[in-house]
Amino acid sequence: MSTFDVQAIRAQFPILSREVNGKPLAYFDSAASAHKPQAVIDAQSRYLAHTHSNIHRGVHALAQEATEAYEAARETVRAHIGASSTKEILFVGGTTDGINLVAQTWGRTRLGAGDCIVLTRMEHHSNIVPWQMLALEQGFDILVVELNEDGTLDGEMFEAHLARNPKLVAFTHVSNALGTVNDVKHWTSRAHDAGATVLVDGAQSVPHLPVNVRDLGVDFYMFSGHKTYGPTGIGILYGKEALLDAMPPYRGGGEMIGTVSFEKGTTYNELPYKFEAGTPHISGGIALGAALDWMNGVGMPALTAHEHELTQHAHAQLEGIEGLRFYGTAPCKAGVVSFLVDGVHPYDLGTLLDQLGIAVRTGHHCTEPLMDKLGIPGTVRASFGAYNTVEEIDRLAEAVERAVSMLR
Ligand code: PMP
């Protein structure tokens with residue numbers, strides 16, 4: 001057992017004191033979206049109540065305070081993921097928005113007919129569809145790395161695809177459907193050897209693991225605020241400065257400009273503002289900074305260890321259930337347990353669990369190509385956050401056993 005004080009953590013999450021269907025809430029859906037500690041709720045409401053103004057343009061006190069708070073949050077993000085400079089930290093709408101930005105700027109100017117890019121079978125739709133959309137227009141090929149039985153990447157196939165000198169390798173750090181933690185450092189280095197640019201989807205890693213983008217060596221990395229105990233509608237795109245500098249802007253408008261003239265055309269602002277057109281989600285950015293501060297207060301190694309213990313415990317408790325099969329049994333996993341039970345539809349199981357106050361996610365988890373390959377419609381997924389307990393997992397296992405006996 002770790003020394004992690006989960007009860008003290010739980011007390012900071014107001015939503016955990018509510019009941020669902022007359023039962024205490026057991027929330028196992030943090031991979032979809034995590035709940036917010038009071039510190040994050042307070043940071044956002046304090047900003048809205050006391051500080052709000054549009055940022056960067058005003059000389060008055062509120063404009064300056066709001067700008068300072070927003071830029072301080074950017075610095076918090078920089079430090080949290082180990083970027084070299086805040087020029088490399090772009091506030092975006094979330095992981096999906098960040099990937100679309102890279103596809104539409106870097107991708108549109110670098111990928112064409114005769115080129116190929118590498119994705120993997122475990123990608124979320126948001127790291128598939130933007131590339132498919134662009135491939136339709138620009139005519140490049142998409143190569144897919146398939147998976148081994150345990151849900152790890154097929155290394156031989158990865159190497160074979162790299163031998164074709166792809167322009168881009170884009171893959172997830174942690175699978176939201178299987179929980180597999182990919183060896184980002186290794187594959188980034190191999191992809192660089194092959195001359196590729198590397199994009200890593202950090203939506204499921206930043207909430208669970210210490211991440212250092214410089215150590216990993218990645219070129220682009222993105223994550224979502226709402227999965228890291230922060231608000232929806234805000235996220236981060238990290239990009240190496242030289243790459244971002246060379247990329248054309250994504251959206252045009254206020255803030256991203258240097259000068260605008262009908263006669264002489266428009267020049268663009270410096271990084272990171274070149275990619276931040278329009279008034280941003282200011283309170284969201286500030287609250288995201290507060291969320292990362294909160295995670296650091298808990299301590300990333302302690303948080304990782306706690307969730308590892310929960311994942312192990314869930315596997316141990318569920319595996320005795322007759323007919324239950326896990327999807328994703330990689331040696332290195334983070335925060336997700338996906339399963340099916342013979343003869344039981346995942347939606348029926350999810351609905352019965354909900355009646356008992358237990359929130360799990362059922363379905364394809366936005367990974368349809370993975371589910372198709374596995375030949376299943378979806379899974380039941382229990383995903384964990386800082387606030388989950390071993391006792392809640394025991395409750396889940398008992399409830400699954402009971403529900404299965406009713407549904408069979
Ligand atoms: N990638 C992965 C691995 C995810 O789990 C998710 C969210 N489920 C996303 C991308 C998309 O994140 P968002 O909806 O916050 O943009």
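Reply: The ligand sits in the largest pocket. Sitting there means that more than half of its atoms lie within 2 Å of the pocket's grid points. A pocket is defined on a 1 Å grid over the protein atoms alone, as an open set of points with protein on both sides within 12 Å along at least five of seven lines. Lining residues have an atom within 4 Å of a point.

This is a predicted model, where local features need pLDDT of at least 70 and side-chain atom pairs pLDDT 80 or more, while totals for chains, interfaces and linings use all residues. Residues are numbered from 1 along each chain as its sequence is written, and side-chain values use heavy atoms, with hydrogens and water left out.

The largest pocket has a volume of about 330 Å³. Volume here is the space filled by probe spheres set on the points, which are joined across faces, edges and corners. Of its 23 lining residues, Ala31, His124, Asn176, Gln204 and Lys227 are the closest to the centre. By class, the lining holds 6 nonpolar, 12 polar and 5 charged residues. Ala, Val, Leu, Ile, Met, Phe, Trp, Tyr, Cys and Pro count as nonpolar, Asp, Glu, Lys and Arg as charged, and the others, Gly among them, as polar. Domain 1 (6–30 + 299–407) and domain 2 (42–296) each supply at least three residues to this lining. Those bounds come from an automatic or database domain assignment.

Now the ligand's own shell.

Next, the polar contacts, which are pairs of N or O atoms within 3.5 Å. Ser224 places a polar side-chain atom 2.7 Å from a ligand oxygen. Lys227 has one 2.8 Å from a ligand nitrogen. For His124, a side-chain N or O atom is 3.3 Å from a nitrogen of the ligand. Taken alone, the ligand exposes 400 Å², and the protein buries 84% of that. These areas come from the Shrake-Rupley method with a 1.4 Å probe.

There is also a cavity, a set of points where a 1.4 Å probe fits but cannot get out. The whole structure has 1 cavity of 30 Å³ or more. The largest cavity holds about 40 Å³ of space. Gln204 and Lys227 are among its lining residues, as are Ser30, Glu307 and Phe384. The largest cavity lies between domain 1 and domain 2, because both give residues to its lining.

Conventions. Polar contact = N/O pair within 3.5 Å; in protein donor to acceptor, adjacent residues only side chain to side chain.
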